[in-house]
Amino acid sequence: MPSESLWTIFINASLVNNFVLAYFLGICPFLGVSSKLETATRMGGAVTFVMLVSSVCAFGIQLLLVAIDAPYLKLISFIAVIASTVQLVEMFIKKVSPALFRALGIFLPLITTNCAILGLALFQTNKGYSFVQCIVYALGAGAGVTRARVLMAGLREKLELAEVPDVTKGTAMALMIAGLLSVTFMGFGGLGG
Amino acid sequence: MAATSKSSTDEFIKGLWKENPVFVQVLGMCPVLAVSNTAMNALAMGLATAFVLIMSNIAVSSLRNFIPKQVRIATYILIIATFVTVVDYVIQAVSLDLYKALGAFISLIVVNCLILGRAEAFASKNTVARSVMDGLGMGIGFAFALFCLGAVREILGSGSLFGAQLFHDAFQDWVVMILPSGGFFTLAAWLLLFNWLEQRKERKAKSDEATTLALGKEAV
């Protein structure tokens with residue numbers, strides 16, 4: 001669908017087909033980390049940034065792999081590039097802005113094993129997006145992940161004060177909230193067309 | 001992990017129930033929720049993951065003395081990615097329908113935290129034989145959990161199991177179970193069941209202790 005308008009791509013990636021709530025990508029950190037509003041926001045920012053960089057890299061790799069006719073190397077090179085991108089980004093931020101590094105620091109290495117990043121790289125190649133479309137797609141996906149995390153964190157902060165039966169504490173409760181959020185996001189269906 | 005005191009059978013059994021990757025450790029959630037909309041998809045995904053897990057456990061444990069500590073995570077990921085590529089092509093060759101149904105999620109086995117977790121926590125410290133047993137147990141436990149989820153979602157969501165109709169025509173499908181939110185709800189329900197069983201066991205152990213204490217006092 002390379003003819004999709006940029007706005008449609010953005011809305012689709014961030015609301016209708018939200019990476020966390022509709023595609024189930026990046027669930028582990030979504031359930032594990034998003035219990036504080038502030039960390040959720042920062043983590044979302046870091047993920048969006050890495051998504052943007054690795055999306056651009058994946059676009060380049062795909063061109064190269066098609067050129068040398070070696071599609072079976074796709075997965076291996078994608079994951080290698082994502083891992084090294086995360087490393088590079090970490091070093092770069094450390095050098096340029098130590099304050100930002102301290103804010104993101106611990107979260108950055110974790111992003112390597114976040115399936116949302118690899119998923120984004122795979123989806124954009126499957127859909128055959130152009131360069132600009134890829135960037136917009138990455139931004140939309142990042143915005144979607146951040147939004148889902150922030151919503152989740154806000155709900156969980158409130159839940160800590162609520163009285164719930166012992167059995168439901170922890171992951172089970174988080175999953176039920178995620179389910180309800182997912183139902184809510186279904187309401188956006190048809191928006192992007 | 002006190003591996004020396006445990007027999008290989010223990011390593012196998014623990015993955016099935018006591019340390020079940022999905023219900024107890026809550027690892028590798030993305031494929032669990034995404035492809036469990038029918039029992040068939042869930043089972044295929046579970047077996048594919050189990051295969052990658054066993055193979056990467058073998059590779060990592062046999063190479064554990066050669067891999068430098070600093071680059072071990074990157075090495076593990078490359079090993080895993082190799083096996084996932086194999087699985088990806090095999091599924092594409094064997095059943096195109098299945099390949100289309102599972103989509104990008106076969107490739108996403110690479111970033112399944114369960115596999116990397118086992119490589120780091122178990123295979124890198126244990127012998128090949130032990131790692132195979134661990135991979136087998138964890139893999140089957142994972143496939144079993146996926147199947148539980150997929151079966152419930154398919155029965156309630158489309159009134160069938162493995163494509164065979166189960167109910168009378170009058171049965172109204174619970175469409176929500178097939179949609180993404182159904183995955184969250186079903187997994188939450190299974191976790192609730194496991195929590196409840198665990199708590200009941202604890203309570204029972206406590207009350208047993210109390211009775212033995214009381215009996216002991218009476219005897220004195």
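Helices (H or I, at least four residues) and strands (E, at least two) are DSSP runs, numbered from the N terminus. With that in hand, chain B reads α-α-α-α-α-α-α-β-β-α-α from the N terminus on, a set of 9 helices and 2 strands.

This is a predicted model, in which local features need pLDDT of at least 70, side-chain atom pairs count only at pLDDT 80 or more, and totals for chains, interfaces and linings use all residues. Residues are numbered from 1 along each chain as its sequence is written, while chains are lettered from A and ligands numbered from 1 in the order in which they are written.

Let us start with confidence. The model scores ipTM 0.77 and pTM 0.80. pLDDT is the predictor's confidence in each residue, from 0 to 100; its mean over chain B is 82, and 95% of the residues of chain B reach 70 or more.

| Element of chain B | Residues | Mean pLDDT |
|---|---|---|
| strand β2 (lowest) | residues 164-165 | 75 |
| helix α3 (highest) | residues 39-62 | 90 |

Where pLDDT is low, the predicted coordinates should not be read in detail.

Now to the overall form of chain B. Its C-alpha trace spans about 75 × 60 × 25 Å along the principal axes. A residue is buried if 20 or more other C-beta atoms, placed from the backbone, lie within 10 Å of its own, and buried residues make up 44% of the 220 residues in chain B. Two residues are in contact if their C-beta atoms, placed from the backbone, lie within 7 Å. Of the contacts in chain B with a separation of 6 or more, 77% join residues 24 or more positions apart.

Leaving out residues up to four places away in sequence, Asp88(B) touches Ile106(B) and Ser107(B). Ile109(B) lies 21 residues from Asp88(B) in sequence and 9.7 Å from it in space, C-alpha to C-alpha.

Finally, the two chains meet. Their contact takes 33 residues from chain A and 32 residues from chain B. On the side of chain A that touches chain B, α2 (27-32), α4 (74-96), α7 (115-127) and α9 (171-186) of chain A each supply at least two residues, and α9(A) gives the most, with 9 residues.

Conventions:
Buried ≥ 20, exposed ≤ 12 C-beta atoms within 10 Å, placed from the backbone.
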